[in-house]
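Here are my notes on the model you sent. Please read them with the structure open.

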Amino acid sequence: MGNIRRTNSKQKIKDAFIYLLKTEGYQKMTVSSITKKAQINRGTFYLNYLDKSDLWREIKETILTDISACLKIEPQNPHFFSEASLKEVINYLIKHQKLLFSILNSDLYPEFIADFYKTLVKIFSKYHNQNNGPLKQPYAYEVVFSGIATIFTLWIRREMRESPEELLKIIKAYRENAPTNILSL
C-alpha cells in the first residue's frame with residue numbers, strides 16, 4: 001500500500017512540475033507551488049525529493065537514460081544510429097510528448113539540449129573512438145550530434161507536426177547530405 005501511495009505521489013509531483021514548467025517556468029517554480037498544484041503536503045514532497053532541482057535531475061536523468069537505451073549500436077550498422085534505434089527514440093518522444101514539450105519550451109531548454117547532445121556523443125563515442133573523416137574532433141561530433149539533437153528538439157517544440165516517417169526522412173537527409181546540399185534539397 002505504501003509503494004502505491006508513493007508512486008501516486010511521485011506522479012502527482014511530476015504532473016505538477018510539468019504544468020508549472022509550462023505556466024511559470026522552472027526559475028519561478030517553488031516547492032510550495034509544486035505541492036499546492038499536486039495537492040500534497042510538503043512532507044510528502046520531501047519524502048521523495050530533496051528540492052526542486054533534485055526532482056528536475058531525476059526527470060532529466062530518466063529521459064536521457066531511456067533515450068540511451070533506445071540508441072543501440074548494432075553490428076549491421078556500426079557507423080551511426082540505426083533506423084530501428086531512431087524509431088525507438090521517436091516512439092519514446094511521442095509517449096512523453098507532454099513532458100518534453102514543457103521542458104523544451106521552458107527556461108530549462110538550454111540545459112536539456114546540452115545534456116541531450118552530450119548523451120548522443122557519449123553513446124556514439126563508446127563504440128567509436130576514432131575519427132577518420134575530413135572534419136576532426138571536436139568539430140565532427142559537434143556538427144553531427146548537435147544537428148541530430150536539434151532535429152529532435154525542433155520536432156518536439158513544433159508539437160510533432162511531421163509524422164514519425166517524415167521525421168526519419170529528415171534525419172536520413174541530414175545524415176546523407178552535406179550542409180550545402182541540405183539547403184538545396
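Predicted model: local features only at pLDDT ≥ 70, side-chain atom pairs only at ≥ 80, totals over all residues.

1. In soluble globular proteins, nonpolar side chains tend to be buried together. Here the largest nonpolar core has 54 residues, and those with the most contacts inside it are F17, I63, L93, I103, F112, F116 and F152. At least two residues of this core come from each of helix 1 (2-23), helix 2 (31-38), helix 4 (52-70), helix 5 (83-95), helix 6 (97-104), helix 7 (109-127), helix 8 (139-157) and helix 9 (164-176).

2. What does I103 touch, leaving aside its neighbours within four places in sequence? Its contacts are L21, W56, I59, I63, L108, Y109 and F112.

3. Aromatic pairs. There are seven aromatic pairs in the structure. In one of them, F17 and W56 have ring centres 6.2 Å apart and planes at 15 degrees; since planes under 30 degrees apart count as stacked, this pair is stacked. F17 belongs to helix 1 and W56 to helix 4, so the pair ties together parts that are 39 residues apart in sequence. F17 counts as buried because its relative accessibility is 0%. W56, at 3%, counts as buried as well. Both rings belong to one aromatic cluster, formed by F17, Y26, W56, F112, F116 and F152.

4. Lysines over rings. The charged end of K52 sits over the ring of Y26, 4.3 Å from its centre; Y26 is also a member of the aromatic cluster. K37 lies over the face of Y19, at 4.0 Å from the ring centre.

5. Side chains of opposite charge can pair when their charged atoms come close. The count of salt bridges is nine. E58 takes part in one with K10, at 3.4 Å from N to O. That pair links distant parts of the chain, with K10 in helix 1 and E58 in helix 4, 48 residues apart. E58 also forms a salt bridge with K14, the closest N and O atoms being 3.3 Å apart. Here too the partners are in helix 4 and helix 1, with E58 and K14 44 residues apart. K10 counts as partly exposed because its relative accessibility is 22%, and K14, with a relative accessible area of 24%, is partly exposed.

6. Other salt bridges. K60, E111, D115 and K118 are linked in a network of salt bridges. A further bridge joins E162 and R158, at 3.0 Å from N to O. R158 is partly exposed, at 30% relative accessibility.

7. Two loop residues with positive phi. Most residues other than glycine have a negative phi, and most peptide bonds are trans. Q39 has a positive phi, near 55 degrees, and lies in the loop between helix 2 and helix 3 (42-48). At 70% relative accessibility, Q39 counts as exposed. E159 has a positive phi near 60 degrees and is found in the loop between helix 8 and helix 9. With a relative accessible area of 52%, E159 is exposed.

8. The record entry. UniProt, in an unreviewed entry, lists residues 30-49 as "DNA-binding region". In the model this span is 75% helix and 0% strand, and its end C-alpha atoms lie 13 Å apart.

Terms used. Residues numbered from 1 in each chain as written. Heavy atoms only, no water. UniProt positions renumbered as here; feature names shortened; annotations may be inferred. Helix = DSSP H or I, 4+ residues; strand = E, 2+ residues; numbered from the N terminus. Core = buried A, V, L, I, M, F, W, Y, C linked by side-chain atoms within 4.5 Å. Buried < 20%, exposed > 50% of the residue type's maximum accessible area, 1.4 Å probe, protein only. Contact = heavy atoms within 4.5 Å. Phe/Tyr/Trp six-rings, centres within 6.5 Å; stacked < 30°, edge-to-face > 60°. Lys NZ or Arg CZ within 6 Å of the ring centre and 35° of its normal. Salt bridge = Lys/Arg side-chain N within 4 Å of Asp/Glu carboxyl O.
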